[in-house]
Amino acid sequence: LLWVLDKTKTAMGARTLRKYIEQPLIDKNAIEKRLDAVDELMKNAISREEIREYLSPVYDLERLVCKITYQSANPRDLIAFQTSLAMLPHIKCILSDMQTPLLKELYEELDTLEDLCKLVSDSIREDPPIAMKEGGIIKDGYNAEVDKLRNAKSDGKDWLAKLEADEREKTGIKNLRIKHNKVFGYYLEVTNSFNDLVPDYYIRRQTLANAERYITEELEELARTILGAEDKLCALEYELYVDIREKLAAQMDRIQKTAHVIAWIDAFASLALTA
């Protein structure tokens, strides 16, 4: 029976329809009210299909709000949440034309959560990483300090390129490179064929089979600035992300109520399509 009836577009709608079948109504007025809603959606095929089209991108809001509340939601979960909320005003607009009591009630109860949608769209990048503590989450323009640290991080690449060019010119070492690894940080690499051109102010860090690695005071200072900006940026982005997630969690009741309304609309639209 469920296989025949279930044309729902969302996980919430599918669970609700299953509940309707497992726990059928026994009050005649409630049954008539529900049937009237299904009847109106059946007769208004264009509106019904529009609603179903807007339901397609809606993720499982009930599950998402649980993850947000228990602080396990990652940045991509918040984008899924925002994508879902963006559909709600369109669904509410279509419902505004419905005449049956139950659909009118759902129209009144549907909170489109536009403030929460805006919070996420203003703050979280559209293609964030799953990791929460490695940066790359917060949008440019959301927080002045993030923008400042991000500029220092990107400008750092230009500073390093300039230092590399200056050192090549000063020393005459044509293949001198500034490189980076997690053990030594930033260093100057000189192949053995240019060892005789290495100046006195270069401090040897590591000897390889075919090259030497050095640092200078200027490079160390630059490295501290760049790496300090990266660490601070990641920490600040995580802090802001947690704050955004907590603001959403504080609206849990509103989100759950909206999720239930969407589930009911989806279930009625499914029954109407089957009818």
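Contact here means heavy atoms within 4.5 Å, and everything below comes from a predicted model.

**View 1. Leu 110 and the residues around it.** Leaving out residues up to four places away in sequence, Leu 110 touches Leu 88, Ile 91, Lys 92 and Leu 95, and also Thr 258, Val 261 and Ile 262. Leu 110 itself sits in the loop between α8 (101-109) and α9 (114-123).

**View 2. How covered is Leu 110, buried or exposed?** Buried is the label here, because the relative accessibility of Leu 110 is 1% and the cut-off for buried is under 20%. Across the whole protein, buried residues account for 42% of the 275 residues.

**View 3. Leu 110 with Arg 254.** This pair is 144 residues apart in sequence, yet the C-alpha to C-alpha distance is 9.5 Å. For context, take the protein's contacts between residues at least 6 apart in sequence: 65% of them join residues at least 24 apart.

**View 4. Stepping back to the fold.** The protein has 12 helices and four strands. Its C-alpha trace spans about 95 × 35 × 30 Å along the principal axes. The radius of gyration comes out at 29 Å, whereas a compact globule of 275 residues would be near 19 Å.

**View 5. The surface and its charges.** About 15200 Å² of the protein is accessible surface, and carbon and sulfur atoms hold 51% of that. On the charge side, count 40 positive and 49 negative side chains, with the centres of the two sets 3 Å apart.

Methods: Residues are numbered from 1 along each chain as its sequence is written. This is a predicted model: local features need pLDDT of at least 70, side-chain atom pairs count only at pLDDT 80 or more; totals for chains, interfaces and linings use all residues. Side-chain values use heavy atoms; hydrogens and water are left out. Helices (H or I, at least four residues) and strands (E, at least two) are DSSP runs, numbered from the N terminus. The radius of gyration is taken over C-alpha atoms; the globule rule is 2.2 Å times the number of residues to the power 0.38. Buried means under 20% relative accessible area, exposed over 50%, partly exposed in between (1.4 Å probe, protein chains only). Accessible areas come from the Shrake-Rupley method with a 1.4 Å probe; for residues, only the protein chains shown count as cover. Lys and Arg count as positive and Asp and Glu as negative; His and the chain ends are not counted. The place of a charge is taken as NZ of Lys, CZ of Arg, CG of Asp or CD of Glu.
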